[in-house]
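Subject: Structure handover

Hello,

The structure is below, followed by notes on what was found in it. Please read the notes alongside the coordinates.

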Amino acid sequence: MTRSLNKVTIIGYVGREPEMRYTPNGRPVASFSVAVSRTWQTPDGDPREDIEWFNIVAWGELAEVCKTQLNRNLTVYLEGRLQTRGWEDSNGVRHVRTEIVANDVIPLGTQDTPAVDYDGGYERDDDDYAF
């Protein structure tokens with residue numbers, strides 16, 4: 001069997017404060033967003049910046065740590081894996097979402113106001129989780 005790897009490492013700003021939920025069996029899950037910026041220059045020398053938003057999910061004890069330790073605009077180091085999941089809402093509409101399932105989250109320094117106004121990125125639907 002060939003080995004494979006599903007690993008993501010990012011450093012960015014927390015865009016949306018962690019929201020804590022619990023599965024029916026009581027397992028904690030936190031969801032939040034992280035913004036990562038990329039800067040470059042055009043051939044004409046004009047500076048450009050792109051911001052990529054990542055939806056993050058943390059489970060168990062890590063979810064509880066994220067809820068208590070992370071705030072909007074805090075710089076954070078995050079490791080995890082990509083996961084794509086799908087569900088059908090109550091209206092029969094199919095949804096698909098790719099997110100990072102965190103296995104390590106480290107706050108970096110203090111909460112700062114970033115150079116770009118990270119407005120929280122993706123707005124979470126109430127149907128994001130099927131529990």
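Arg38 lies over the face of Trp40, 4.3 Å from the ring centre; a charge sits over a ring if NZ of Lys or CZ of Arg is within 6 Å of the ring centre and within 35 degrees of the ring normal. This is a predicted model, in which local features need pLDDT of at least 70 and side-chain atom pairs count only at pLDDT 80 or more, while totals for chains, interfaces and linings use all residues. Residues are numbered from 1 along each chain as its sequence is written, and side-chain values use heavy atoms, with hydrogens and water left out.

Arg38 also forms a salt bridge with Asp50, at 3.1 Å from N to O (a side-chain nitrogen of Lys or Arg within 4 Å of a carboxyl oxygen of Asp or Glu). Because Asp50 lies in strand 3 and Arg38 in strand 2, the pair ties together parts that are 12 residues apart in sequence. Strands (E, at least two residues) and helices (H or I, at least four) are DSSP runs, numbered from the N terminus. Arg38 is partly exposed at 48% relative accessibility, and Asp50 is partly exposed at 36%. Here buried means under 20% relative accessible area, exposed over 50%, and partly exposed in between (1.4 Å probe, protein chains only).

The structure holds five salt bridges. One of them joins Glu19 and Arg21 at 3.8 Å, N to O; Glu19 is partly exposed, with a relative accessible area of 27%. Another links Glu99 to Arg97, the closest N and O atoms being 3.4 Å apart. Both Glu99 and Arg97 are buried. Through shared partners, salt bridges join Arg85, Arg97 and Glu99 into one network.

Thr75 belongs to strand 4 (residues 74-88) and counts as buried at 17% relative accessibility. Not counting residues up to four places away in sequence, Thr75 touches Ile11, Gly12, Tyr13, Ile106, Pro107 and Leu108.

Regards

Conventions:
Contact = heavy atoms within 4.5 Å.
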